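Keep the viewer open and try each task before you read its solution.

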Amino acid sequence: MNNNQITKLKIGDVTLPNNLILAPMAGVTDLPFRILCKEQGAGLLCMEMISAKAILYKNKNTQSLLAIDEREKPVSLQLFGSDPDIMAQIAKEIEDRPYDILDINMGCPVPKIVNNGEGSALMKNPKLVGEIIEKVSKATKKPVTVKFRKGFDDEHVNAVEIAKIAQESGAAAVAVHGRTREQYYSGKADWDIIRQVKEAVSIPVIGNGDLLTAEDVIAMKEQTNCDGFMIARGAQGNPWIFKQILHYFETGVHLAKPSLEEVANMILRHGKMMIDFKGEYTGVREMRKHAAWYTAGYHNSSKLRVKFNAVESYEDMQRLLEQEIFNKKL
(Lines give C-alpha, C1' and ligand atoms only; values in the text may rest on other atoms or scores of the structure.)
Protein backbone atom coordinates (compact mmCIF):
# COMPACT_ATOMS: atom_id res chain seq x y z
CA MET A 1 0.00 0.00 0.00
CA ASN A 2 1.46 3.30 -1.09
CA ASN A 3 0.12 6.09 1.07
CA ASN A 4 1.70 8.99 -0.75
CA GLN A 5 -0.99 9.24 -3.43
CA ILE A 6 -3.14 11.79 -1.63
CA THR A 7 -1.28 15.07 -1.51
CA LYS A 8 -2.13 18.73 -1.44
CA LEU A 9 -2.40 20.21 -4.91
CA LYS A 10 -1.53 23.78 -5.87
CA ILE A 11 -3.40 25.33 -8.81
CA GLY A 12 -2.13 28.85 -9.38
CA ASP A 13 -2.31 30.51 -5.95
CA VAL A 14 -4.98 28.08 -4.66
CA THR A 15 -3.86 25.16 -2.50
CA LEU A 16 -6.31 22.25 -2.33
CA PRO A 17 -6.38 20.19 0.91
CA ASN A 18 -6.05 17.04 -1.21
CA ASN A 19 -5.96 16.11 -4.88
CA LEU A 20 -9.38 14.41 -5.11
CA ILE A 21 -11.70 16.54 -7.22
CA LEU A 22 -15.44 16.30 -7.81
CA ALA A 23 -15.90 16.62 -11.58
CA PRO A 24 -18.33 19.16 -13.03
CA MET A 25 -21.49 17.28 -14.08
CA ALA A 26 -24.51 19.04 -15.57
CA GLY A 27 -27.63 18.26 -13.57
CA VAL A 28 -25.61 16.59 -10.79
CA THR A 29 -23.03 18.86 -9.17
CA ASP A 30 -25.47 21.45 -7.88
CA LEU A 31 -24.94 23.17 -4.54
CA PRO A 32 -26.57 20.52 -2.27
CA PHE A 33 -24.62 17.64 -3.82
CA ARG A 34 -21.36 19.59 -3.70
CA ILE A 35 -21.78 20.26 0.03
CA LEU A 36 -22.33 16.52 0.67
CA CYS A 37 -19.14 15.68 -1.27
CA LYS A 38 -17.20 18.36 0.61
CA GLU A 39 -18.30 16.85 3.93
CA GLN A 40 -16.92 13.52 2.74
CA GLY A 41 -13.51 15.04 2.00
CA ALA A 42 -13.42 16.22 -1.63
CA GLY A 43 -10.42 18.54 -2.10
CA LEU A 44 -12.06 20.66 -4.83
CA LEU A 45 -15.67 20.91 -5.95
CA CYS A 46 -16.54 21.76 -9.56
CA MET A 47 -19.86 23.40 -10.30
CA GLU A 48 -22.22 22.54 -13.16
CA MET A 49 -21.12 24.13 -16.43
CA ILE A 50 -22.56 27.58 -17.09
CA SER A 51 -23.00 29.27 -20.45
CA ALA A 52 -21.10 32.55 -20.79
CA LYS A 53 -23.83 33.78 -23.15
CA ALA A 54 -26.53 32.88 -20.62
CA ILE A 55 -24.80 35.12 -18.06
CA LEU A 56 -24.35 37.84 -20.69
CA TYR A 57 -28.06 37.80 -21.57
CA LYS A 58 -29.12 37.62 -17.90
CA ASN A 59 -30.82 34.22 -18.24
CA LYS A 60 -32.95 33.77 -15.11
CA ASN A 61 -32.06 30.07 -14.63
CA THR A 62 -28.36 30.90 -14.49
CA GLN A 63 -28.48 32.65 -11.11
CA SER A 64 -29.12 29.43 -9.17
CA LEU A 65 -26.27 27.74 -11.08
CA LEU A 66 -23.94 30.52 -9.90
CA ALA A 67 -24.86 30.07 -6.22
CA ILE A 68 -21.96 29.14 -3.91
CA ASP A 69 -21.97 28.36 -0.20
CA GLU A 70 -19.02 29.33 2.00
CA ARG A 71 -18.87 25.72 3.27
CA GLU A 72 -17.83 24.50 -0.18
CA LYS A 73 -14.54 26.27 -0.65
CA PRO A 74 -12.35 25.75 -2.56
CA VAL A 75 -14.73 25.62 -5.52
CA SER A 76 -14.27 25.82 -9.30
CA LEU A 77 -16.77 27.53 -11.60
CA GLN A 78 -16.94 26.13 -15.12
CA LEU A 79 -17.81 28.34 -18.09
CA PHE A 80 -18.54 27.19 -21.60
CA GLY A 81 -18.63 29.20 -24.81
CA SER A 82 -16.73 29.69 -28.06
CA ASP A 83 -16.42 33.48 -28.35
CA PRO A 84 -13.12 34.58 -26.77
CA ASP A 85 -14.34 38.13 -26.12
CA ILE A 86 -17.60 37.08 -24.46
CA MET A 87 -15.78 34.46 -22.36
CA ALA A 88 -13.25 37.10 -21.23
CA GLN A 89 -15.95 39.70 -20.55
CA ILE A 90 -17.92 37.27 -18.37
CA ALA A 91 -14.78 36.10 -16.54
CA LYS A 92 -14.17 39.74 -15.61
CA GLU A 93 -17.84 40.36 -14.72
CA ILE A 94 -18.13 37.43 -12.31
CA GLU A 95 -14.69 37.76 -10.74
CA ASP A 96 -16.03 39.07 -7.42
CA ARG A 97 -18.12 35.93 -6.92
CA PRO A 98 -16.74 33.57 -4.26
CA TYR A 99 -15.35 30.83 -6.48
CA ASP A 100 -11.59 30.10 -6.33
CA ILE A 101 -10.79 28.72 -9.78
CA LEU A 102 -12.29 29.39 -13.22
CA ASP A 103 -12.49 26.35 -15.50
CA ILE A 104 -13.12 26.41 -19.25
CA ASN A 105 -15.17 23.53 -20.65
CA MET A 106 -13.69 22.01 -23.79
CA GLY A 107 -14.93 18.48 -23.16
CA CYS A 108 -18.75 18.44 -23.13
CA PRO A 109 -19.97 15.87 -25.72
CA VAL A 110 -23.68 16.83 -25.79
CA PRO A 111 -24.92 17.45 -29.38
CA LYS A 112 -26.56 20.84 -28.77
CA ILE A 113 -23.32 22.14 -27.22
CA VAL A 114 -21.06 20.58 -29.86
CA ASN A 115 -23.29 21.70 -32.77
CA ASN A 116 -22.91 25.21 -31.43
CA GLY A 117 -19.13 24.91 -31.73
CA GLU A 118 -18.72 24.76 -27.93
CA GLY A 119 -17.54 22.10 -25.46
CA SER A 120 -15.51 19.33 -27.09
CA ALA A 121 -16.06 20.87 -30.57
CA LEU A 122 -13.39 23.43 -29.61
CA MET A 123 -10.76 20.68 -29.77
CA LYS A 124 -11.16 20.80 -33.56
CA ASN A 125 -9.93 24.39 -33.56
CA PRO A 126 -6.64 24.64 -31.61
CA LYS A 127 -6.10 28.29 -32.67
CA LEU A 128 -9.45 29.29 -31.12
CA VAL A 129 -8.62 27.24 -28.00
CA GLY A 130 -5.50 29.35 -27.52
CA GLU A 131 -7.39 32.63 -28.04
CA ILE A 132 -10.09 31.74 -25.52
CA ILE A 133 -7.64 30.63 -22.81
CA GLU A 134 -5.36 33.62 -23.33
CA LYS A 135 -8.16 36.21 -23.21
CA VAL A 136 -9.84 34.60 -20.21
CA SER A 137 -6.52 34.28 -18.33
CA LYS A 138 -5.78 37.97 -18.90
CA ALA A 139 -9.31 39.02 -17.86
CA THR A 140 -9.27 37.40 -14.40
CA LYS A 141 -6.89 37.24 -11.47
CA LYS A 142 -8.19 33.78 -10.53
CA PRO A 143 -6.36 30.66 -11.76
CA VAL A 144 -7.79 29.41 -15.07
CA THR A 145 -7.98 25.68 -15.78
CA VAL A 146 -9.17 23.80 -18.86
CA LYS A 147 -11.02 20.49 -19.07
CA PHE A 148 -10.89 18.58 -22.35
CA ARG A 149 -10.94 15.08 -23.79
CA LYS A 150 -8.51 12.73 -25.52
CA GLY A 151 -9.66 14.26 -28.79
CA PHE A 152 -12.80 14.79 -30.85
CA ASP A 153 -12.67 11.30 -32.35
CA ASP A 154 -10.11 8.55 -32.96
CA GLU A 155 -8.85 10.31 -36.09
CA HIS A 156 -8.24 13.53 -34.17
CA VAL A 157 -6.49 12.65 -30.90
CA ASN A 158 -4.89 15.97 -29.94
CA ALA A 159 -5.02 16.21 -26.15
CA VAL A 160 -1.24 16.74 -25.98
CA GLU A 161 -1.40 19.64 -28.46
CA ILE A 162 -4.33 21.23 -26.59
CA ALA A 163 -2.52 20.85 -23.25
CA LYS A 164 0.59 22.60 -24.62
CA ILE A 165 -1.56 25.42 -26.02
CA ALA A 166 -3.35 25.71 -22.66
CA GLN A 167 -0.04 26.03 -20.82
CA GLU A 168 1.34 28.58 -23.29
CA SER A 169 -1.89 30.61 -23.14
CA GLY A 170 -1.88 30.99 -19.35
CA ALA A 171 -3.76 27.99 -17.93
CA ALA A 172 -2.77 27.02 -14.38
CA ALA A 173 -3.76 23.34 -14.79
CA VAL A 174 -5.55 20.98 -17.19
CA ALA A 175 -7.96 18.10 -16.64
CA VAL A 176 -7.97 15.33 -19.23
CA HIS A 177 -10.82 12.86 -19.75
CA GLY A 178 -9.38 9.75 -21.41
CA ARG A 179 -12.23 9.36 -23.93
CA THR A 180 -12.92 11.05 -27.25
CA ARG A 181 -16.08 13.06 -27.81
CA GLU A 182 -17.31 10.28 -30.09
CA GLN A 183 -17.11 7.80 -27.20
CA TYR A 184 -19.18 10.00 -24.87
CA TYR A 185 -18.91 7.97 -21.64
CA SER A 186 -18.82 4.50 -23.17
CA GLY A 187 -15.95 2.06 -23.51
CA LYS A 188 -12.82 2.24 -21.41
CA ALA A 189 -11.03 5.51 -20.69
CA ASP A 190 -7.56 5.68 -22.22
CA TRP A 191 -5.26 6.63 -19.37
CA ASP A 192 -2.19 6.56 -21.59
CA ILE A 193 -3.23 9.87 -23.14
CA ILE A 194 -3.20 11.34 -19.60
CA ARG A 195 0.39 10.07 -19.21
CA GLN A 196 1.35 11.68 -22.53
CA VAL A 197 -0.14 15.01 -21.46
CA LYS A 198 1.63 14.81 -18.08
CA GLU A 199 4.95 14.29 -19.84
CA ALA A 200 4.32 17.19 -22.25
CA VAL A 201 3.52 20.02 -19.82
CA SER A 202 4.81 21.36 -16.51
CA ILE A 203 1.47 22.64 -15.10
CA PRO A 204 -0.59 20.21 -12.97
CA VAL A 205 -2.45 17.52 -14.92
CA ILE A 206 -5.66 16.09 -13.48
CA GLY A 207 -6.77 12.65 -14.70
CA ASN A 208 -10.43 11.86 -15.35
CA GLY A 209 -12.21 8.70 -16.47
CA ASP A 210 -13.14 5.40 -14.76
CA LEU A 211 -12.16 6.39 -11.21
CA LEU A 212 -14.57 4.38 -9.06
CA THR A 213 -12.37 3.09 -6.20
CA ALA A 214 -9.12 3.73 -4.34
CA GLU A 215 -7.50 1.03 -6.49
CA ASP A 216 -8.44 2.99 -9.61
CA VAL A 217 -6.73 6.09 -8.21
CA ILE A 218 -3.57 4.07 -7.43
CA ALA A 219 -3.61 2.52 -10.91
CA MET A 220 -4.06 5.90 -12.60
CA LYS A 221 -1.22 7.40 -10.55
CA GLU A 222 1.08 4.51 -11.46
CA GLN A 223 0.16 4.62 -15.16
CA THR A 224 0.12 8.37 -15.69
CA ASN A 225 1.92 10.10 -12.78
CA CYS A 226 -0.84 12.73 -12.92
CA ASP A 227 -1.15 15.30 -10.14
CA GLY A 228 -4.85 15.07 -9.30
CA PHE A 229 -7.82 12.78 -9.76
CA MET A 230 -11.20 13.96 -10.98
CA ILE A 231 -14.11 11.77 -9.93
CA ALA A 232 -17.33 11.96 -11.94
CA ARG A 233 -19.80 9.09 -12.16
CA GLY A 234 -18.05 7.34 -9.25
CA ALA A 235 -19.54 10.02 -6.98
CA GLN A 236 -23.11 9.68 -8.26
CA GLY A 237 -25.10 8.18 -5.40
CA ASN A 238 -21.81 7.80 -3.53
CA PRO A 239 -20.52 11.06 -2.02
CA TRP A 240 -18.72 8.69 0.39
CA ILE A 241 -16.21 7.85 -2.38
CA PHE A 242 -13.91 10.69 -1.25
CA LYS A 243 -13.94 9.50 2.35
CA GLN A 244 -13.40 5.89 1.20
CA ILE A 245 -10.34 6.79 -0.90
CA LEU A 246 -8.83 9.08 1.74
CA HIS A 247 -9.36 6.43 4.44
CA TYR A 248 -7.72 3.77 2.32
CA PHE A 249 -4.65 5.90 1.67
CA GLU A 250 -4.34 6.88 5.32
CA THR A 251 -4.84 3.40 6.79
CA GLY A 252 -4.60 0.80 4.02
CA VAL A 253 -8.02 -0.43 5.09
CA HIS A 254 -11.19 -0.36 2.97
CA LEU A 255 -14.19 1.32 4.57
CA ALA A 256 -17.29 -0.87 4.48
CA LYS A 257 -19.99 0.08 2.00
CA PRO A 258 -22.55 2.33 3.77
CA SER A 259 -25.42 0.41 5.34
CA LEU A 260 -28.88 0.78 3.83
CA GLU A 261 -29.85 2.90 6.85
CA GLU A 262 -26.93 5.25 6.17
CA VAL A 263 -27.95 5.44 2.52
CA ALA A 264 -31.57 6.19 3.46
CA ASN A 265 -30.47 8.92 5.88
CA MET A 266 -28.27 10.46 3.20
CA ILE A 267 -31.15 10.39 0.70
CA LEU A 268 -33.39 12.19 3.21
CA ARG A 269 -30.72 14.76 4.03
CA HIS A 270 -29.96 15.30 0.34
CA GLY A 271 -33.68 15.54 -0.40
CA LYS A 272 -34.21 18.17 2.31
CA MET A 273 -31.30 20.24 0.97
CA MET A 274 -32.64 19.98 -2.60
CA ILE A 275 -36.10 21.14 -1.51
CA ASP A 276 -34.65 24.03 0.50
CA PHE A 277 -32.54 25.08 -2.49
CA LYS A 278 -34.90 24.42 -5.43
CA GLY A 279 -38.39 24.23 -3.93
CA GLU A 280 -40.43 21.07 -3.34
CA TYR A 281 -41.64 20.41 -6.87
CA THR A 282 -38.20 20.55 -8.54
CA GLY A 283 -36.24 19.26 -5.55
CA VAL A 284 -38.30 16.08 -5.18
CA ARG A 285 -38.24 15.31 -8.91
CA GLU A 286 -34.49 15.83 -9.17
CA MET A 287 -34.00 13.51 -6.18
CA ARG A 288 -35.50 10.61 -8.15
CA LYS A 289 -32.33 10.07 -10.21
CA HIS A 290 -30.15 10.52 -7.11
CA ALA A 291 -32.22 7.92 -5.22
CA ALA A 292 -31.70 5.47 -8.11
CA TRP A 293 -27.93 6.01 -7.89
CA TYR A 294 -27.85 5.82 -4.09
CA THR A 295 -29.69 2.49 -3.97
CA ALA A 296 -28.11 0.80 -7.03
CA GLY A 297 -26.64 -2.58 -6.15
CA TYR A 298 -28.66 -3.08 -2.98
CA HIS A 299 -31.13 -5.96 -2.75
CA ASN A 300 -34.54 -5.20 -4.36
CA SER A 301 -33.43 -1.66 -5.25
CA SER A 302 -35.23 -1.71 -8.61
CA LYS A 303 -38.60 -2.02 -6.83
CA LEU A 304 -37.70 0.89 -4.58
CA ARG A 305 -36.75 3.02 -7.61
CA VAL A 306 -40.16 2.47 -9.19
CA LYS A 307 -41.86 3.59 -5.96
CA PHE A 308 -39.50 6.54 -5.52
CA ASN A 309 -40.45 7.85 -8.96
CA ALA A 310 -43.97 8.40 -7.62
CA VAL A 311 -43.03 10.49 -4.57
CA GLU A 312 -44.31 14.07 -4.63
CA SER A 313 -43.09 15.51 -1.31
CA TYR A 314 -40.49 15.19 1.42
CA GLU A 315 -43.08 13.40 3.57
CA ASP A 316 -43.68 10.86 0.76
CA MET A 317 -39.94 10.29 0.58
CA GLN A 318 -39.71 9.81 4.33
CA ARG A 319 -42.70 7.46 4.41
CA LEU A 320 -41.36 5.33 1.57
CA LEU A 321 -37.91 4.94 3.12
CA GLU A 322 -39.45 4.18 6.52
CA GLN A 323 -41.48 1.37 4.98
CA GLU A 324 -38.87 -0.03 2.63
CA ILE A 325 -35.58 0.42 4.46
CA PHE A 326 -35.98 1.21 8.13
CA ASN A 327 -38.53 -1.60 8.39
CA LYS A 328 -36.12 -3.90 6.52
CA LYS A 329 -38.39 -4.70 3.58
CA LEU A 330 -35.70 -4.09 1.03
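**Exercise 1.** Leaving aside its neighbours within four places in sequence, which residues is Leu77 in contact with?

*Solution.* A quick note before you start: this is a predicted model. Select Leu77 and skip the neighbours within four places in sequence; you're left with contacts to Met47, Ile50, Leu66, Ile94, Tyr99, Ile101, Leu102 and Asp103. Now zoom out. Leu77 belongs to the largest nonpolar core, a set of 69 residues. Leu77 is listed among those with the most contacts inside that core, along with Met106, Phe148, Val174, Val176 and Phe242. There's also a second, separate core of 26 residues, and Leu31, Ile35, Tyr298 and Leu304 are included in it. As background, nonpolar side chains tend to be buried together in soluble globular proteins.

**Exercise 2.** Is Thr145 buried or exposed, and which side chain does its own side chain join in a polar contact?

*Solution.* Start by locating the residue: Thr145 sits in strand 8, which covers residues 144-151. Next, check the accessibility. Thr145 has 7% relative accessibility, and the cut-off for buried is under 20%, so Thr145 counts as buried. Then look for the partner: the side chains of Thr145 and Asp103 are joined by a polar contact of 2.7 Å. Finally, list what Thr145 touches, not counting residues up to four places away in sequence: Ile11, Ile101, Leu102, Asp103, Ile104 and Ala173.

**Exercise 3.** Describe how helix 7 and helix 8 meet.

*Solution.* First find the two helices: helix 7 is residues 159-168 and helix 8 is residues 192-200. Their axes come within 9 Å and cross at roughly 35°. For the handedness, helix 7 passes helix 8 in a right-handed crossing. Now for the residues: Ala159, Val160, Ala163 and Lys164 of helix 7 meet Ile193, Gln196, Val197 and Ala200 of helix 8. Sort the residues of this contact by type and you get 6 nonpolar, 1 polar and 1 charged.

**Exercise 4.** What is the phi of Lys58, and what is the phi of Asn225?

*Solution.* Take Lys58 to begin with. Its phi is near 55°, a positive value in a residue other than glycine. Lys58 is placed in the loop between helix 2 (52-56) and helix 3. With 64% relative accessibility, Lys58 counts as exposed. Now go to Asn225, which isn't a glycine but has a positive phi of about 60°. You'll find Asn225 in the loop between helix 9 (214-224) and strand 11 (228-231). Asn225 has a relative accessible area of 45%, so it is partly exposed.

**Exercise 5.** Which residues does a cis peptide bond with omega of about 0° join?

*Solution.* The bond joins Lys73 and Pro74. To place it, look at Pro74, which is in the loop between helix 3 (62-65) and strand 6 (75-80).

**Exercise 6.** Is Tyr314 buried or exposed, and how far is its C-alpha atom from that of Pro98?

*Solution.* Go to helix 14, residues 314-326, where Tyr314 is placed. The relative accessible area of Tyr314 is 19%, so Tyr314 is buried, the cut-off being under 20%. Tyr314 and Pro98 are 216 residues apart along the chain, and their C-alpha atoms are separated by 31 Å. Leaving aside neighbours within four places in sequence, Tyr314 is in contact with Leu268, Gly271, Lys272, Ile275, Glu280 and Val284.

Key. Residues are numbered from 1 along each chain as its sequence is written. This is a predicted model: local features need pLDDT of at least 70, side-chain atom pairs count only at pLDDT 80 or more; totals for chains, interfaces and linings use all residues. Side-chain values use heavy atoms; hydrogens and water are left out. A nonpolar core is a set of buried Ala, Val, Leu, Ile, Met, Phe, Trp, Tyr and Cys residues joined through side-chain atoms within 4.5 Å. Buried means under 20% relative accessible area, exposed over 50%, partly exposed in between (1.4 Å probe, protein chains only). Contact means heavy atoms within 4.5 Å. Axes are lines fitted to C-alpha atoms, for helices over the stretch in contact, and angles run from 0 to 180 degrees between N-to-C directions. Helices (H or I, at least four residues) and strands (E, at least two) are DSSP runs, numbered from the N terminus. A crossing is left-handed if the near helix is turned anticlockwise from the far one by less than a right angle, and right-handed if clockwise. Ala, Val, Leu, Ile, Met, Phe, Trp, Tyr, Cys and Pro count as nonpolar, Asp, Glu, Lys and Arg as charged, and the others, Gly among them, as polar. A polar contact is a pair of N or O atoms within 3.5 Å; within protein, one must be able to donate a hydrogen and the other to accept it, and residues adjacent in sequence count only if both atoms are side-chain atoms.
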